[in-house]
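Please look through the sequence and the model below before reading on. The paragraphs that follow begin with pairs of charged side chains and then turn to the chain as a whole.

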Amino acid sequence: MAGRQKEVIIDEVHQNQILRELYLKELRTQKLYTEYRVNPLLKVHTITRKPMSWHDNLEEPEDARFLNLLHHAALGPRKKYPETQTESQEIGWDSEPLVSPERGDRRLNHFRVYNDITLYKAKMWSLGEDDRHK
């Protein structure tokens, strides 16, 4: 009876279970790379230019359109666009204060005021006396 082999019947349920296990194993072992850098172990050979070569030493005229494009790309988003382009740009897009900052208005500005007693106590504390809680 040792010569008899079991007949394996693969139905759709078992096939689906096998495929599901394979899929989950692939997901578990995959790693998404979003940062790419140069391999430090790889030797990179740089080829220098030939000093007497005529095509390496040609002076090319400036391309005004390309320079304008570069300068436009270096501008901030508020100078490039009249409105926000993304939702995250909406935060801080209008950065002007809603109320004009008048320094003389006592309702909005509460400056530190020093009197004789406050100057005396501040000097005592700066000298090291620790009687703040008395």
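Two salt bridges are present in this predicted structure, a salt bridge being a side-chain nitrogen of Lys or Arg within 4 Å of a carboxyl oxygen of Asp or Glu. Side chains of opposite charge can pair when their charged atoms come close. In one of these pairs, Arg78 joins Glu96, with 3.5 Å between the closest N and O atoms. This pair links distant parts of the chain, since Arg78 lies in helix H3 (residues 77-80) and Glu96 in the loop between H3 and H4, 18 residues apart. Arg78 is partly exposed, at a relative accessible area of 41%, where buried means under 20%, exposed over 50% and partly exposed in between, computed with a 1.4 Å probe and protein chains only. A salt bridge also connects the side chains of Arg37 and Glu35, at 3.8 Å from N to O. Here Arg37 is exposed, with a relative accessible area of 66%, and Glu35 is exposed as well, with 60%.

The model is predicted, so that local features need a pLDDT of at least 70 and side-chain atom pairs count only at pLDDT 80 or more, whereas totals for chains, interfaces and linings use all residues. Residues are numbered from 1 along each chain as its sequence is written, and side-chain values use heavy atoms, with hydrogens and water left out.

Along the sequence the chain follows the pattern α-α-α-α, which comprises four helices and zero strands; helices (H or I, at least four residues) and strands (E, at least two) are DSSP runs, numbered from the N terminus. The average pLDDT of the chain is 82, and 92% of the residues score at least 70, pLDDT being the predictor's confidence in each residue, from 0 to 100. Where pLDDT is low, the predicted coordinates should not be read in detail.

Along the principal axes, the C-alpha atoms fill a box of roughly 110 × 70 × 40 Å. Of the 134 residues in the chain, 4% are buried.
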